[in-house]
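Me: Here is a model I would like to go through by question and answer. Please keep to what can be computed from the atoms.

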Amino acid sequence: MTINEKQDEIIEEFAAFDDWMDKYALLIDLGNALPRLDDKYKTESNLIEGCQSRVWLQADYEGGRIVFRGESDAVIVKGIVSLLISVLSGHTPQEILDAELYFIDKIGLKEHLSPTRSNGLVAMVKQMRLYALAFRAKEQEAGN
């Protein structure tokens, strides 16, 4: 499934709810379904700067694709982590760098988050793109 197909799927899933309390409940469910991050990855280097709650993001390069794993100590933020991972994990560094993450605005996520959570969301996306940049640089280095 492409990044845009996954985003469209999420938009459709959130469109089923009119009330933001129901959308928050969906976010919490998504976070609860996120596999627990192994404690060995809960390191300072995997901690996302700029998040009010603690968010860890692990990126591994497997077969030309980046696999993200993550966790947060806050339930709604864990749901946001789950959304980002479901959209970006399993794609190539270039696909991630080229992706326009329109689902965030389409589901109204940014406007319904507190400023600190919104900053955290931006920080998570930025970190995922930085991982993609680093892995793409390694690809290019290996290709030369």
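Me: In which helix is Glu13 found?
Reply: The model is predicted, so local features need pLDDT of at least 70 and side-chain atom pairs count only at pLDDT 80 or more, while totals for chains, interfaces and linings use all residues. Residues are numbered from 1 along each chain as its sequence is written, and side-chain values use heavy atoms, with hydrogens and water left out. Helices (H or I, at least four residues) and strands (E, at least two) are DSSP runs, numbered from the N terminus. The run of residues 3-15 holds Glu13, and this is helix α1.

Me: Is Glu13 buried or exposed, or in between?
Reply: Buried means under 20% relative accessible area, exposed over 50%, and partly exposed in between (1.4 Å probe, protein chains only). The relative accessibility of Glu13 is 36%, so Glu13 counts as partly exposed.

Me: Which residues form the negative surface patch?
Reply: Patches are made of residues with over 30% relative accessible area and no salt bridge, like charges being joined within 9 Å and nonpolar side chains (Val, Leu, Ile, Met, Phe, Trp, Tyr) within 5 Å. Asp and Glu count as negative, Lys and Arg as positive, and His and the chain ends are not counted. The patch is formed by Glu5, Asp8, Glu12 and Glu13.

Me: What separates Glu9 and Lys6 along helix α1, and at what N to O distance do their side chains meet?
Reply: Glu9 and Lys6 are three residues apart in helix α1, which means about one helical turn between them. Glu9 is partly exposed at 35% relative accessibility, whereas Lys6 is buried at 19%. Their side chains form a salt bridge (a side-chain nitrogen of Lys or Arg within 4 Å of a carboxyl oxygen of Asp or Glu). The N to O distance in this pair is 2.8 Å.

Me: Which residues form a salt bridge with Arg69?
Reply: Arg69 is partly exposed, with a relative accessible area of 31%. In another pair the closest N and O atoms are 2.6 Å apart, and the partner is Asp60.

Me: How many salt bridges are found in the whole structure, and which residues are linked in a network?
Reply: A search of the whole structure finds seven salt bridges. The network of salt bridges links Arg36, Asp39, Lys42 and Glu71.

Me: How far is the C-alpha atom of Gly31 from that of Glu71?
Reply: Gly31 has its place in helix α2 and is buried, at 1% relative accessibility. Leaving out residues up to four places away in sequence, Gly31 touches Lys78, Gly79 and Ser82, contact meaning heavy atoms within 4.5 Å. Glu71 lies 40 residues from Gly31 along the chain, and their C-alpha atoms are separated by 8.3 Å.

Me: Which residues does Ser53 touch, not counting those up to four places away in sequence?
Reply: Ser53 sits in the loop between α2 (20-33) and β1 (55-62). The relative accessible area of Ser53 is 15%, so this residue is buried. Its contacts are Ser72, Asp73, Ala74 and Val77.

Me: What distance separates the C-alpha atoms of Arg136 and Val122?
Reply: Arg136 belongs to helix α6 (residues 115-143) and is partly exposed at 24% relative accessibility. Beyond four places in sequence, Arg136 touches Pro93, Gln94 and Leu97. Val122 is 14 residues from Arg136 along the chain, and the C-alpha separation is 21 Å.

Notes: Accessible areas come from the Shrake-Rupley method with a 1.4 Å probe; for residues, only the protein chains shown count as cover. The place of a charge is taken as NZ of Lys, CZ of Arg, CG of Asp or CD of Glu.
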